[in-house]
Amino acid sequence: MSKSKWTHSGNLIMAGFGFMLLFISFLVYKSLNIDFQMSDKNYYESEMKYNEVMEAEANTSPFEKDFSLTTSDNTVQLKIPSSLSAGLKEGKVIFYCISDEKNDRTVTINPSPEGLYSISTAEWKKTSYRARISFVNTGKSYFREIPFSI
């Protein structure tokens with residue numbers, strides 16, 4: 001009984017090596033086609049401003065319990081302490097969509113004696129967000145980040 005030339009051990013090793021090369025090539029192809037999304041397009045510039053953000057967070061810490069964000073059907077209700085919101089300057093809220101940067105939203109906020117802001121979310125994707133609230137009041141910067149879901 002003669003052995004088939006395909007079942008020779010050298011041929012099996014070569015076939016296994018060929019399949020391994022094909023599999024590695026497939027993995028390289030898949031890894032090169034992954035869409036990496038950054039939480040911020042200018043991440044390097046944002047990192048350089050990190051100390052300013054830390055200082056703004058420290059300014060906000062005495063008021064931390066007075067910030068709130070609630071969601072209802074198609075609205076986000078943002079509450080900022082009235083002592084800060086009355087003299088607010090350069091205020092904005094960036095709503096970062098955690099799953100897809102295409103759904104990020106930026107809203108400018110203006111001084112309000114009550115500190116209440118109502119933002120419509122009717123056009124927004126139903127997912128998780130992070131509200132990054134930043135503003136200046138009497139020359140001091142303030143920053144607060146609040147995670148929430150719609």
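Visitor: What share of the 150 residues in the chain do buried residues make up?

Guide: Buried means under 20% relative accessible area, exposed over 50%, and partly exposed in between, with a 1.4 Å probe and protein chains only. Here, buried residues make up 27% of the 150 residues. This is a predicted model, in which local features need pLDDT of at least 70 and side-chain atom pairs count only at pLDDT 80 or more, while totals for chains, interfaces and linings use all residues. Residues are numbered from 1 along each chain as its sequence is written, and side-chain values use heavy atoms, with hydrogens and water left out.

Visitor: How many helices and strands does the secondary structure come to?

Guide: Helices (H or I, at least four residues) and strands (E, at least two) are DSSP runs, numbered from the N terminus. The chain has 4 helices and 7 strands. The radius of gyration of the chain is 27 Å, well over the 15 Å that the globule rule gives for 150 residues, so the chain is more spread out than a compact globule. That radius is taken over C-alpha atoms, and the rule is 2.2 Å times the number of residues to the power 0.38. Along the principal axes, the C-alpha atoms fill a box of roughly 95 × 35 × 25 Å.

Visitor: Which residues of helix H3 are buried?

Guide: In H3 (residues 50-60), the buried residues are Ala 56, Asn 59 and Thr 60. They lie on the same side of H3, because they cover an arc of only 95 degrees around the axis; the arc is that of the directions from the helix axis to the C-beta atoms. Exposed Asn 51 and Glu 55 sit on the face turned away from the buried side. Contact means heavy atoms within 4.5 Å, and the buried residues of H3 pack against strand S7 (140-149).

Visitor: Where is Ser 112 placed, and is Ser 112 buried or exposed?

Guide: Ser 112 is in the loop between strand S4 (105-109) and strand S5 (116-120). Ser 112 counts as buried because its relative accessibility is 8%. Leaving aside neighbours within four places in sequence, Ser 112 is in contact with Ser 85, Ala 86 and Tyr 117.

Visitor: Which residue of S5 is the bridge partner of Leu 78?

Guide: Two strands pair if DSSP finds at least two bridges between them. S2 and S5 pair in the antiparallel sense over 5 bridges, and Leu 78 has Tyr 117 as its bridge partner in S5. Strand S2 (residues 75-79) also runs antiparallel to strand S1 (residues 68-71), joined by 4 bridges.
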